[in-house]
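User: I would like to understand the terms used for this structure before I rely on them. Could you take me through them one by one?

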Amino acid sequence: MKQTFDVVVIGAGPGGYIAAIRAAQLGFKVACIDQWTNAKGGPAPGGTCTNVGCIPSKALLQSSEHFEQAVRHFAEHGIVFAEAPAVDLKKMLARKDRVVAQNNDGILYLFKKNRVAFFHGTGAFVGRSDEGYEIRVSAPAQQTLTAQHVIVATGSRARPLPGVAFDEKRVLSNDGALAMANVPRRLGVIGAGVIGLELGSVWRRLGAEVTVLEALPTFLPAADQDVAREAQKVFAKQGLKIELGAKVEAVRTSQGGVRVDWTGPDGKAQQLECDRLIVAIGRIPNTDGLNAEAVGLARDERGYIVVDEECRTNLPGVWAIGDVVRGPMLAHKAEEEGVAVAERIAGQRPHVNFETIPWVIYTSPEIAWVGATEQRLQQSGRPYRVGTFPFMANGRARALGDTTGFVKILADAATDEVLGVHMIGPWVSELIAEAVMAMEFRAAAEDIARICHAHPSLAEVTKEAALAVDRRPLNF
Ligand code: FAD
Ligand code: NAD
């Protein structure tokens, strides 16, 4: 059977499902194809983000943080337990699975509400005719669809270490790392990037002894280095062992566990014995099932679909968004590109500002930033002023019992325009939105400083950091 649509979206991750909804809102007849299958064999739209990424990791980060609070910090608040708190991991994982399922169901509901036709299966290009592009959907939804516009949003998957396949028992990708049936005594992590730090934190809080091996000599090089130094200090204090400049030489698995041979920056050969190993060294784009060759869809040497600034591929009417194209691998970046592409198909002229895409690392303390780092401004030679304010001097943070970290604002020395905001501390995943808004409106640091912020609130730290740019913080 053949069905014709205006727009076919391949992939229902945050890029694809949002693009499909926006295209439907604009009046197009839209289909969205996704292959993800849940444990019962049913569809599980939402992609990596919903199934094995953002959502389950944040569910486990929250549960494990509650446990850490109960074990280490509740006593300060005068809350004592008759018996020491314990973890029921099965229940914790079941809750995480319920959160995921709620999100899967939510997307199916949104498709229905917006009249997006959903097809569960793998979408592959067959060819191109006057009717448009022909796409075959494999089982379970055997169909052939045609459309003048195709949005490829097939996402990414974990990159393995060369020669070391993921077995999801001993050597884990993000998939297995979110579903361990027991807490390993010794957990190894390769890569001190976002996944390594977030998932390493989850299992450390639950009782694992965690060692992270990072190839680069610098910790979190993409972050502002004041923030990275503070984070490294706090993580070490929490017991997360991070080895920088580590060259992994070999990984051997056995019934008993995993052995990693690695060399330190001093050239000394070392071994890491662990029960399980998470490999989090970045991700690779998914284009395998697409049959891209059938239509000549261009990919670069690393497998990413080649697009211009507006997500146009080399083929007229074919667009690509999210993790399968250049740029940061972030759910909200994929979403913004999805909305913009749907609007471009409708003849509108949207714009995605890559300078104001926020980054958040959901460790404790949380880390968040937007815009330029101080090291980037130094390299560019642009004169700037810095304002920093610590959570230690904030009443709400003291009341919370979490005074780690600070907010740092970088502003142009001449115009005072905010060029970058860097945060480490409690709930900065939420606080960063104000900074994104300020930068999107090209606000000056003084604008933030003059805005009335509720008291007592963590957001007052942002205001004080803005005042500090002009050397006049009020509470420090
Ligand atoms: P995906 O979410 O990967 O979705 C692509 C979908 O397409 C998948 O369902 C896939 O099965 C399907 N597909 C692929 N090929 C085909 C085909 N041929 N036919 C049909 N379907 C196909 N980002 C954040 O912004 N915040 C976070 O907190 C965050 N946490 C993360 C935690 C982890 C552990 C991981 C792994 C990632 C995290 N990310 C986070 C990154 C985020 O998940 C991705 O950037 C985001 O999911 C990319 O969205 P996407 O739509 O491009 O692709
Ligand atoms: P990443 O790029 O964040 O970090 C990978 C780390 O592994 C880097 O520090 C890199 O230097 C290191 N590395 C690479 N090869 C290595 C090797 N052979 N030995 C030791 N270290 C090595 O990648 P990730 O942590 O796998 O995450 C993938 C993507 O998922 C990220 O790009 C991120 O955008 C996204 N993500 C985002 C969030 C969030 O927004 N909170 C959370 C998780 C994942």
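Analyst: Contact here means heavy atoms within 4.5 Å. By that cut-off Arg344 touches Glu310, Arg312, Trp319, Pro350 and His351, with residues up to four places away in sequence not counted. The model is a predicted one, in which local features need pLDDT of at least 70 and side-chain atom pairs count only at pLDDT 80 or more, while totals for chains, interfaces and linings use all residues. Residues are numbered from 1 along each chain as its sequence is written, chains are lettered from A and ligands numbered from 1 in the order in which they are written, and side-chain values use heavy atoms, with hydrogens and water left out.

User: Why is Arg344 called buried?

Analyst: Buried means under 20% relative accessible area, exposed over 50%, and partly exposed in between, with a 1.4 Å probe and protein chains only. Arg344 has a relative accessible area of 11%, and is therefore buried. Arg344 lies in helix α8, residues 331–345, where a helix is a DSSP run of H or I with at least four residues, a strand is a run of E with at least two, and both are numbered from the N terminus.

User: What makes β18 and β21 a pair?

Analyst: Two strands pair if DSSP finds at least two bridges between them. Strand β18 (residues 366–371) and β21 are joined in the antiparallel sense over 6 bridges, and Ile367 has Ile424 of β21 as its bridge partner. Strand β20 (residues 406–412) is also antiparallel to β21, with 6 bridges, and here Phe406 stands opposite Ile424. In the hairpin of β20 and β21, which has 5 residues between the strands, Asp416 takes a positive phi near 70°. As for cover, 8 of the 8 residues of β21 (418–425) are buried.

User: How do you know that Glu198 makes a polar contact with ligand 2?

Analyst: A polar contact is a pair of N or O atoms within 3.5 Å; within protein, one must be able to donate a hydrogen and the other to accept it, and residues adjacent in sequence count only if both atoms are side-chain atoms. A nitrogen atom of ligand 2 is 2.9 Å from an N or O atom in the side chain of Glu198, and an oxygen atom of the ligand is 2.9 Å from a polar backbone atom of Gly282. A polar backbone atom of Ile195 likewise lies 2.9 Å from an oxygen atom of ligand 2.

User: Which element gives the most to the shell around ligand 2?

Analyst: Helix α6 does, with 3 residues.
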